[in-house]
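Please find below a colleague's note on the model under review. It is set out as numbered points for reading beside the structure.

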Amino acid sequence: MKQNREIEVAIIGGGTAGLSCAIELKKLGVKDVVVFERASKAGGAPLHCGHKGFGIFEFKRVLTGPEYAEKLVKNAEDLEVDIYLNHTLLRVEDGKLVIITNKGIKNFRAKRVLFATGARETPRSQRLVSGMRDIRIITTGALQRFIYQKNQIPFKSSVIYGSEIVSFSALKTESDFGIKTKAMIEEDGEIKVYPFIRPIAEKFFKTTIHKGVKNSFINSGKNLKFAINSKEIETEGAVFSGSFTPESAVLRESGFKYNLINSSIDISQDFQTSKRGFFAAGNIIRGAYASYKCHYEAKEAAKSIWLSLNNEDDPIFVEIECSSKNIEWYYPTLVNLNSPKKFLTNIKFRDYQKGTLQIYLNEKLIYEKTIEAKPYKVITLPWIDQKLKSTNKVRIELK
Ligand SMILES: Cc1cc2nc3c(=O)[nH]c(=O)nc-3n(C[C@H](O)[C@H](O)[C@H](O)COP(=O)(O)OP(=O)(O)OC[C@H]3O[C@@H](n4cnc5c(N)ncnc54)[C@H](O)[C@@H]3O)c2cc1C
């Protein structure tokens, strides 16, 4: 593709959100939609999840991850979305997309850009689990790539760290391919999925889930040895699952306003970033969520992008601050005063919290609600109809 051509809408990331947005933009009548994907195949995270559990809401069918990814790619291609593989965004410089390809670095300009680069699991090195480094300690993503893409079984027994829904995806994958999961370890005091899942998993997979395990240690020799409370478990491998971090480092380096709680860029209710013309959707804005959520969110982002193509008004942002501990993520973090879209805040806590969630406008209390937060539940706060000005300060706190 010629570098000097101005693309109408460029999408960075050809996973669930990027492809869903591209499809919706085409349906809205946008002619020129280009997806840049760094991998050699489009489809994103679902490509490596060989189990079923995708597409129930979007396609009214239960699909495996690869089937779901292929359906999105086919729908995009049928609508003549241009998908460029092996194209990785390196940075955004003076409004230009600097992209590395097999043929070197290329610069592209686009009227509108959507970032949909997803999220990745936190590897063991960043989770403060002590002990030796070992090649047999991998993430769920790596486990599933070994099995579903390379047809390799990396080890015959393992311990899974984490108890998010993706940890159970790792458990199912291991069970399906004959890997014995000797234990699951959750460092926090609570399992991070709906309570009915734990007994099913323990009964079906015959794996004990240990919660509140602090200071675990991995000893590495012929086998890995785990100290779980006072018990020792020996396995061939370990999977560090969940604890997703948005793939946003490139944007932070490129000067997009960054939110430390979310470890990602600021985003408004109409999916605009702090820079005009640049939008974001999917797991990049907060970490992992189910694919159908990313799909519907990306469709909404497409509508905002389409509206903005015909609207020269600059967004006017008011920042939403969150000053409570233990928040895993909250979004949107900006209100665009020039958007007709209603503003609702979604908040997810790391662990169990009970209290009153309060919204302050210029330090004056304007809304409160008693909540009981669970680590698997997202709390949505309604937006109180207030006439906001760009100089206003909005703060959310759990008391
Ligand atoms: C192991 C696992 C199991 C899961 N199981 C389920 C399930 O059963 N059901 C369900 O609903 N959801 C499941 N999910 C969640 C679902 O897959 C994701 O929420 C969804 O795919 C997120 O979509 P996304 O577009 O935000 O990110 P992704 O699908 O991850 O797509 C991001 C894309 O961006 C590309 N990219 C990243 N950086 C760049 C760059 N700099 N330049 C160009 N391209 C880039 C990546 O290569 C990738 O293709 C699972 C996720 C995982 C990891």
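1. Basis. This is a predicted model, in which local features need pLDDT of at least 70 and side-chain atom pairs count only at pLDDT 80 or more, while totals for chains, interfaces and linings use all residues. Residues are numbered from 1 along each chain as its sequence is written.

2. Domains. The protein chain is divided into domain 1 (1-120 + 244-313), domain 2 (123-240) and domain 3 (316-399); such bounds come from an automatic or database domain assignment. The centres of domain 1 and domain 3, taken over C-alpha atoms, are separated by 26 Å. Between these two domains, 13 residues of domain 1 are in contact with 16 residues of domain 3, contact being defined as C-beta atoms, placed from the backbone, that lie within 7 Å. On the side of domain 1 that touches domain 3, the residues divide into 3 nonpolar, 6 polar and 4 charged. Here Ala, Val, Leu, Ile, Met, Phe, Trp, Tyr, Cys and Pro count as nonpolar, Asp, Glu, Lys and Arg as charged, and the others, Gly among them, as polar.

3. Core. The largest nonpolar core holds 94 residues, of which Ile11, Cys21, Leu114 and Ala281 touch the most other members. Helix 1 (residues 16-27) gives the most to this core, with 6 residues. A nonpolar core is a set of buried Ala, Val, Leu, Ile, Met, Phe, Trp, Tyr and Cys residues joined through C-beta atoms within 7 Å. A residue is buried if 20 or more other C-beta atoms, placed from the backbone, lie within 10 Å of its own, exposed if 12 or fewer, and partly exposed in between. Not counting residues up to four places away in sequence, Leu114 touches Val9, Ile11, Gly18, Cys21, Phe279, Ala280, Ala281, Ala301 and Ile305.

4. Four strands form an open, mixed sheet in the order 10-15-16-17. Its edge strands, each pairing on one side only, are strand 10 (130-131) and strand 17 (231-235). Strand 16 (residues 224-228) pairs with strand 17 in the antiparallel sense over 5 bridges, and Ile228 stands opposite Lys231 in strand 17. Helices (H or I, at least four residues) and strands (E, at least two) are DSSP runs, numbered from the N terminus; two strands pair if DSSP finds at least two bridges between them.

5. Which residues of strand 26 (residues 345-349) make up its covered face? They are Thr345, Ile347 and Phe349, whereas Asn346 and Lys348 form the uncovered face. In a regular strand the side chains alternate between the two faces of the sheet. Strand 24 (residues 327-331) runs antiparallel to strand 26 and is joined to it by 4 bridges, with Tyr331 opposite Asn346. Strand 29 (residues 378-381) also pairs with strand 26 in the antiparallel sense, over 4 bridges, and Ile379 is the bridge partner of Ile347.

6. Backbone details. Tyr331 is joined to Pro332 by a cis peptide bond, with omega about -5°; Pro332 is found in the loop between strand 24 and strand 25 (334-336). Lys206, a residue other than glycine, has a positive phi near 55° and is found in the loop between helix 5 (197-205) and strand 14 (208-211). Ser243 likewise is not a glycine and has a positive phi, of about 50°; its place is in the loop between strand 18 (237-240) and strand 19 (244-246). Is each of these residues buried or exposed? Lys206 counts as exposed because it has 11 C-beta neighbours inside 10 Å, whereas Ser243 counts as buried because it has 24.
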